[in-house]
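Trainee: I'm new to this one and would like a close look at a single part, with enough around it to get my bearings. Could you take me through it slowly?

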Amino acid sequence: MSFLRGSFIDALVVLQMMVRDALNQAMDEELERDERVFLLGEEVAQYDGAYKVSRGLWKKYGDQRIIDTPISEMGFTGIAVGAAFAGLRPICEFMTFNFSMQAIDQVINSAAKTCYMSAGFQAVPIVFRGPNGSSAGVAAQHSQCFAAWYAHCPGLKVVSPWNSEDAKGLLKAAIRDDNPVVFMENELMYGVPFEMSEEALSKDFVLPIGKAKIERPGNHVTLVSHSRCVGHCLDAAAVLAKEGIECEVINLRSIRPMDTDAIEASVMKTNHLVTVEGGWPQFGVGAEICAKIMEGPAFNYLDAPVTRVTGVDIPMPYAKILEDNSVPQIKDIIFSIKKTLNV
Amino acid sequence: TLDIFFLNSCILTRDQGLSYYRCMQTIRRMELKADQLYKQKIIRGFCHLYDGQEACAAGIEAGIERTDHVITAYRAHAFTYTRGVSVREILAELTGRQGGVAKGKGGSMHMYAPHFYGGNGIVGAQVPLGAGIALACQYQGNGQICVALYGDGAANQGQLFETYNMAALWKLPCVFVCENNRYGMGTSVERAAASTDYYKRGDFIPGLRVDGMDVLCVREATKFAADHCRSGKGPILMELQTYRYHGHSMSDPGVSYRTREEVQEVRSKNDPISLLKERMLSNNMASAEELKEIDGEIRKEVDDAAQFATSDPEPPLDDLCKYIYHNSPPVQVRGTNPWAKLQSVSSS
């Protein structure tokens, strides 16, 4: 675990921790707490993890609990699900969620649906985790966001952390959950440090799945986002605050179940809603939020239609200028907010 | 490599013989009853029947421990029975009633029991799952093994080869069993596989080819295979050469890709129940009357089960949102329209 010592504030020590270390700490603590928990995936053991998220775990826990697999997603995902059937609590890592497409049948048909099909007889306590969404310069086949695909399916829980506290608290919750949880990380966030509260550093720090967090309160417009885009929303909010526009920024944390109540309560206060995501617009997270808002009490409080800010509806290009303009930038968010507010 | 292994003889006690006879005959009558109920439209959807293959399910169960694990594909009614579920609960699941083993939530392809993991609808998916169950056995050090079954059709699925590789690499205690009934739906083995030596398809995994119509061959091969796994030597593969009398499912008459003569030939010369019966009669292990009496008991059991399966009520609508999750707080579930707000109830 690496951390940077922050400043002293009133004798309180503020610790900073990178997202990858928060994930590492979560797995370390859960491996120690419950011997049924184990990690499998490509390069997770001796390589310390393709993105170093599992650094040090193989050295500490050994071959039985940290397992390097061959490049066989469909096979090892099925093996992980079978292990969950028979009493273990696997963490199945996809090097990126793009590769989970090879194994998606096991995630959906073998994991997600089994508790229901068996009338509660067969639980599937498994976590599928890995980096999701766009990275930097990895081009079309390695940049897709799978939030909408997995969140579409009943039987799964789908979680998308933003900062280090999210990462640790939600991963611990996912591992302790007796259901299949798709845990979507973000490669560009792995190296970003965040403050970790005393509470968050505790071995029992668990965040509830299904509850969003209001990262920044505001009265004029509700911004709803998940993962890396939450940071962009906060940046946009800081800029707009100087112009007297106060944004309420909601960090979804969970895509399924989604904290609709939190969004509705906020919209009923601000009367304006802008969703921000990295994924494609069609049939996406923002599209679902629009539908949910229309069907609930908050609709009558809207002073303008909901605005979705999304990735551009194209396969991800490679050249930097093209890639930069394929995902929501802070200026896109600011522009969209102003259009929504008609200012 | 394994030494060449031939089954020359084994011991069958009277009790065992009667037990295998009863088991296979129950499966046979249960499957024929399902055929009848399907034609009466009381069973709907998919229904893949096992009559002809009884020696496989009965022989495997006889060769393993109760505490071992079994997973198979969708032709699963027989294994559901051999793993301990009553004919009543199986038929009631097929008819979609609340008294079914999966409370009507699963149907023909999704029935579960302790140490039995279904019943799986996606061809081949059950094989990596089975290796995962074996991994759990190894991890927990409980000396148990997993039997993962698949058909000649599934034998060509890529995920099987990924599984063979990992099972062999990690020496997982998994017995892979190919139930080769010569046809994958309407496609004969010759038309589907470049190599129809299914017992060799595991490559570096040792393989046995077994007469799947002879319950004793199946039992002895299973014991050998189970021993192999239990002693830590890693996985092993067994091809059971068998035959299904019915088509692939109830919507397949089963005669467009094979001749009626072929089906009849197997029935008259190679029926697994007849084989055992003749063996027992000719060795004076049982009398014809005794076996007839068992037949009568089974007929009654199956008729009673069918009676239950047709009269038991369908599950209540409240069950719609039950068991989406396990040990989880209730979540709101959207119904067909925005005003239909349902609540999930988890299992615990």
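Where in chain A do K320(A) and D324(A) both lie, and how many residues apart are they?

Mentor: Both of them lie in helix 11 of chain A, which covers residues 320-324, and they are four residues apart, about one turn of the helix. Helices here are DSSP runs of H or I with at least four residues, strands are runs of E with at least two, and both are numbered from the N terminus.

Residues are numbered from 1 along each chain as its sequence is written, chains are lettered from A and ligands numbered from 1 in the order in which they are written, and side-chain values use heavy atoms, leaving out hydrogens and water.

Now back to your pair. K320(A) and D324(A) form a salt bridge, with 2.9 Å between the closest N and O atoms. That term means a side-chain nitrogen of Lys or Arg within 4 Å of a carboxyl oxygen of Asp or Glu. The general idea is that side chains of opposite charge can pair when their charged atoms come close. K320(A) is exposed at 60% relative accessible area, while D324(A) is partly exposed at 29%. For those words, buried is under 20% relative accessible area, exposed is over 50%, and partly exposed is in between, using a 1.4 Å probe and protein chains only.

Take R36(A) and D34(A), whose side chains meet at 2.8 Å, N to O. R36(A) is partly exposed at 38%, and D34(A) is buried at 13%. Over in chain B, E61(B) and R83(B) make a salt bridge with their closest N and O atoms 3.0 Å apart. E61(B) sits in helix 2 (residues 54-63) of chain B, and R83(B) in the loop between helix 3 (77-82) and helix 4 (87-94) of that chain, so this pair ties together parts 22 residues apart in sequence. Both partners are tucked away: E61(B) is buried at 16% and R83(B) is buried at 4%. There's also a network of salt bridges in chain A, linking E29(A), E30(A), R33(A), K168(A), K172(A) and R176(A).

What about pairs between the chains? The interface of chain A and chain B has one salt bridge. E295(A) and R334(B) are joined by a salt bridge too, at 2.5 Å from N to O.

The contact (heavy atoms within 4.5 Å) takes in 47 residues of chain A and 42 residues of chain B. Together the two chains bury about 3,600 Å², 65% of it on carbon and sulfur atoms. On chain A's side, I79(A), Y116(A) and M117(A) supply 19% of the area buried against chain B, more than any other three residues. Buried area is the accessible area (1.4 Å probe) that two parts lose on being put together, summed over both.

One more stop in chain A is S143(A), in the loop between strand 6 (127-131) and helix 6 (147-151). S143(A) is buried, at 7% relative accessible area. A polar atom of its side chain lies 2.6 Å from the backbone oxygen of A139(A). Leaving aside residues up to four places away in sequence, S143(A) touches N98(A), G133(A), S134(A), V138(A) and M316(A).

Finally, how far can you trust the picture? Chain A has a mean pLDDT of 96, with 96% of its residues at 70 or more. Residues 7-11 of chain A are another matter: pLDDT stays under 50 there, and the model has four contacts for them beyond four places in sequence. Where pLDDT is low, the predicted coordinates should not be read in detail.

Key. Predicted model: local features only at pLDDT ≥ 70, side-chain atom pairs only at ≥ 80, totals over all residues. pLDDT = per-residue confidence, 0-100. Polar contact = N/O pair within 3.5 Å; in protein donor to acceptor, adjacent residues only side chain to side chain.
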